[in-house]
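Here are my notes for you, point by point. Keep the picture open while you read.

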Amino acid sequence: MLPAHCSVLPPHLWLRSLLPEFQLSAFNFLLYPAARMPMPRIQDEFTNLPISRNKKFRLRRAKAGLCFLCGKPTFGSTSCLKHLKLARERSRAASGARRRNNSYSYRLARAMRDSATPVIPPKKLPAIPPNPNWFKQDEFTSLPLSRQRKYQLRKAKEKRCIICGEPPVTATLCERHMIYAREQSRKRRGSTTRRKSAESYRLQKPKTPPTDH
């Protein structure tokens, strides 16, 4: 049975009160654990850069060919296939995208799915054909414009819709995006009347009622 004062004191204090001073040295490793030795500082080309430790950690993993999130081998990028998919779906949800282009993550997943072995080392990965639009050289490549504007100029030159690439009904828009642009403009101005003689109304195809069979 412990004394009354031992029930209210912390363990290291009532242990000191019960044991003599010469016996307390045997319990020093429990009461006062040794300080952890600091890890040696990594010396490389990223050590003296004016960036955060997290960024240095990512650069070192990218140099080693590892995913900067989980440390698994990558396939020519900074993330493994799992985190490439997560980043892609997170970006699609943030931008509200509906179409799915033939990007690197889709081509990589398709190459791994069509391979004979379920787990492929990075060096034995089947060759993935590069996207031909990555290195497109034309009169818009060196212009000081955004990639979105260059995409619009290329689609306009090809006589396609500058948003989705479908055949246009106006100079730059297909029917769907022509109607969308018109309704967005009406919403901004707060318009209440409709000019049926406008170009967008004349080019809009009339809706056919469903036929009963």
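1. Let's settle a word before we start: a contact means heavy atoms within 4.5 Å. Helices are DSSP runs of H or I with at least four residues, strands are DSSP runs of E with at least two, and both are numbered from the N terminus. With that in hand, look at H5 and H6: Leu81, Leu84, Lys85, Arg88, Glu89 and Arg92 in H5 meet Tyr104, Ser105, Tyr106, Leu108, Ala109 and Met112 in H6.

2. Some ground rules. This is a predicted model, in which local features need pLDDT of at least 70 and side-chain atom pairs count only at pLDDT 80 or more, while totals for chains, interfaces and linings use all residues. Residues are numbered from 1 along each chain as its sequence is written, and side-chain values use heavy atoms, with hydrogens and water left out.

3. Now the overall picture. The chain has nine helices and zero strands, so from the N terminus on, the elements read α-α-α-α-α-α-α-α-α. Of its 213 residues, 21% count as buried (buried is under 20% relative accessible area, exposed is over 50%, and partly exposed is in between, with a 1.4 Å probe and protein chains only). Among contacts with a separation of 6 or more, 19% come from residues 24 or more positions apart. The accessible surface is about 17300 Å², and carbon and sulfur atoms own 59% of that (the areas come from the Shrake-Rupley method with a 1.4 Å probe, and for residues only the protein chains shown count as cover).

4. Back to our helix pair. How do the axes of H5 and H6 cross? The axes of H5 (residues 81-95) and H6 (residues 104-113) come within 10 Å and cross at roughly 140 degrees. That makes H5 oblique to H6. Axes here are lines fitted to C-alpha atoms, for helices over the stretch in contact, and angles run from 0 to 180 degrees between N-to-C directions. Under 35 degrees counts as roughly parallel, over 145 as roughly antiparallel, 65 to 115 as roughly perpendicular, and the rest as oblique. The crossing is left-handed, a word used if the near helix is turned anticlockwise from the far one by less than a right angle (clockwise would be right-handed).

5. Is H6 enclosed or open? Seven of the ten residues of H6 are buried, so H6 is largely enclosed by the rest of the structure. The buried ones are Ser105, Tyr106, Arg107, Leu108, Ala109, Ala111 and Met112, and they pack against H5.

6. On the H5 side, click on arginine 88, which sits in helix H5. Arginine 88 is buried, with a relative accessible area of 18%. Setting aside neighbours within four places in sequence, arginine 88 is in contact with Arg100, Ser105 and Tyr106. From arginine 88 to serine 103 is 15 residues along the chain, and their C-alpha atoms are separated by 9.7 Å.

7. Next, the cysteines. How many disulfides does the structure hold? It holds zero, where a disulfide is a pair of cysteine sulfur atoms within 2.5 Å. Cysteine 67 is in no disulfide, as the nearest cysteine sulfur, in cysteine 70, is 3.7 Å away. Cysteine 67 counts as buried, at 0% relative accessibility. For cysteine 80, the closest cysteine sulfur is also that of cysteine 70, at 3.6 Å, which is too far for a bond. Cysteine 80 is buried too, with a relative accessible area of 5%.

8. Two loop residues are worth a look. Alanine 64 lies in the loop between helix H4 (53-63) and H5, and at 54% relative accessibility alanine 64 counts as exposed. Lysine 159 lies in the loop between helix H7 (147-157) and helix H8 (175-189) and is exposed as well, with a relative accessible area of 64%. Its phi is near 60 degrees, a positive value in a residue other than glycine. Most residues other than glycine have a negative phi.

9. Last stop: leucine 203, in helix H9 (residues 199-203). Is leucine 203 buried, exposed or partly exposed? At 31% relative accessibility, leucine 203 counts as partly exposed. Not counting residues up to four places away in sequence, leucine 203 touches Val169, Thr170 and Met178. Leucine 203 and methionine 178 are 25 residues apart in sequence and 9.3 Å apart in space, C-alpha to C-alpha.
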